[in-house]
Amino acid sequence: MANSTAVPPIGSSNTPLAGVARLDAMSAVLARNWWLVALRGVFAILFGVLAFAAPQAFLLALALYFAAYMLVDGGWTIASAIRAAQKHERYGFLLLEGIVDIVVGLAAALIPAAAIWAFVLLVATWALVTGALMIAAAFRLHLHYGRWWLGLGGVISILFGLALAINPGMSAIVLAFWMGAYSLAFGVMLLFLAFNLRGRYASSR
């Protein structure tokens, strides 16, 4: 009597791909959708151009995007709190989080300049704390383990944080330029990738 459990043949649709076959399949999917990669690259380049051409408008767009995100996230969190309350589960923290998110989102939408300054000051605080921790860690290292390099990195981080905190308005413009440069480089890379994928796709047809 033959075994009732049939083993699917190699290459059938029920056999999971692995190794090189899986990599080839993923590459083929990317090649077929090369235009999506190109579209993403174009949007990244436009994003970068906007950052350089109109940094104030770029920062305003970021603030409004942040406001929209906080409002949507707050509404979703409050809805989750209501569902939790209906199931007699704990909902207090969810409700409080949702209310805070909505308040922050409204503040960012009504006063976008405050949202931009808050972001810059947050980055400045992060740089100051990170720099202090790096310097403290440097004193725990032996000289031949790179103590001076770690300490120098901490000093640079602190100086960067101080520069942001002293003039947050100008620092916001500088951050916009940095983000614009990143977006341009990222977009160009995606376009090169898209044209390469297009060539692969055309040659495989």
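1. A word on terms before we start: two residues are in contact when heavy atoms of theirs lie within 4.5 Å. Please also keep in mind that this is a predicted model.

2. Let's take the overall fold. Of the contacts with a separation of 6 or more, 72% join residues 24 or more positions apart.

3. Now the surface. The chain has 205 residues, and 24% of them are buried. Its accessible surface is about 14500 Å², with carbon and sulfur atoms contributing 74%.

4. Which residues of H4 are buried? They are Gly 98, Asp 101, Gly 105 and Ala 108. Viewed down the axis of H4, the buried residues fall within an arc of 95°, so they line one face of the helix.

5. What do these buried residues of H4 pack against? Their partners are helix H3 (55-86) and helix H5 (112-138), in the sense of contact given in the opening point.

6. Finally, turn to the face of H4 that points away from its buried side. There you will find Leu 96, Val 103 and Leu 110, which are exposed.

Technical notes:
Residues are numbered from 1 along each chain as its sequence is written. This is a predicted model: local features need pLDDT of at least 70, side-chain atom pairs count only at pLDDT 80 or more; totals for chains, interfaces and linings use all residues. Side-chain values use heavy atoms; hydrogens and water are left out. Buried means under 20% relative accessible area, exposed over 50%, partly exposed in between (1.4 Å probe, protein chains only). Accessible areas come from the Shrake-Rupley method with a 1.4 Å probe; for residues, only the protein chains shown count as cover. Helices (H or I, at least four residues) and strands (E, at least two) are DSSP runs, numbered from the N terminus. The arc is that of the directions from the helix axis to the C-beta atoms.
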